[in-house]
Amino acid sequence: MSLRRPALAVASVALLASVTAACGDAGGLRGAGATPTAVSPARLWPTLTPASSPAWAIDEADTETIKGVAVPHDDIRKVDPVAVVRAEIAAHPDEYKGDAASYRGTTARMADCADPAGKSGDAASGCPVLAPYYRDLTGDGRPELTLGFRLLPGDLTAVRVYTVERNRLVRVMAWEDAVSAVELAGRSVIIRSPSDLADYEYRLQWTWDPEQKAMLLTHDEMLRSDGAKRTPGTRAHKSPASPSTSVPSAQPAPGVTPPASASSSAGGR
């Protein structure tokens, strides 16, 4: 027995060496190089009195019940998008009516939103209202209405999100801006807008908040337009905003044909 143990030990060592070599050949663990030293956050000016109110109003949790627009059978798909825009124009005459109104061109072009066949929105040439999109953004199992319309005579686009509460149409998000693209993702509306810096764009994300019952601005950043490198940035305070209708996974209203720009334009700020 004593003579066989050394032989067994040698065999075991040889077997272990062969297994180790095989593991190495199969892609074993390897060093990834030096790890950067972690740097903890440093709080600056700890004696500075914290601000108690925002410097700019960006209409967080801003909601509005739309008057004069019916919601047949509580079905938001049966709501006329053109009627919704006309209701906003009526509710905000200073912005839409009169020679000095910022968006007077939108009011003038609303007459183009109904053709002899009775179609409205993007199906009518010249109408500033873009094709509506429907998706459940609140998580209640019912779709919300995401609507965009041109703010003329400028290059801005307004983006609105509406839901139905107690038989009433309620606007839960509003934004205006020069918009590169608009997307729906999960419970969020994502708006991309051009930046003054070449190859960079702004990306704003509005997400449904069940406590506030509104879409809140949850992300505001600047990033490369090719998505390569992200750089912190913010500009939401520059102005109020809203986009148009570049919504990949949502479907436009039946019978409405989205324009070629519907997948890449929208408003905001």
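The following chat discusses a predicted model of a protein chain.

Me: What should I know about the model before reading any values?
Reply: This is a predicted model, in which local features need pLDDT of at least 70, side-chain atom pairs count only at pLDDT 80 or more, and totals for chains, interfaces and linings use all residues. Residues are numbered from 1 along each chain as its sequence is written, and side-chain values use heavy atoms, with hydrogens and water left out.

Me: How many helices and strands does the protein chain have?
Reply: The protein chain has 4 helices and 11 strands; these are DSSP runs numbered from the N terminus, with at least four residues (H or I) for helices and at least two (E) for strands.

Me: And what share of the residues is buried?
Reply: Of the 269 residues in the protein chain, 38% are buried. Buried means under 20% relative accessible area, exposed over 50%, and partly exposed in between (1.4 Å probe, protein chains only).

Me: New topic: which residues does the disulfide join?
Reply: Cys 113 and Cys 127 are joined, with an S to S distance of 2.0 Å; a disulfide is a pair of cysteine sulfur atoms within 2.5 Å. Both cysteines lie in the loop between helix H4 (104-109) and strand S2 (133-135), 14 residues apart.

Me: Why is it called right-handed?
Reply: The disulfide of Cys 113 and Cys 127 is right-handed because the torsion about its S-S bond is about 85°.

Me: Are these cysteines buried or exposed?
Reply: Cys 113 is buried, at 1% relative accessible area, and Cys 127 counts as buried at 10%.

Me: What about Leu 48, buried or exposed?
Reply: Leu 48 is exposed, with a relative accessible area of 59%. Leu 48 sits in the loop between helix H1 (4-25) and strand S1 (64-65).
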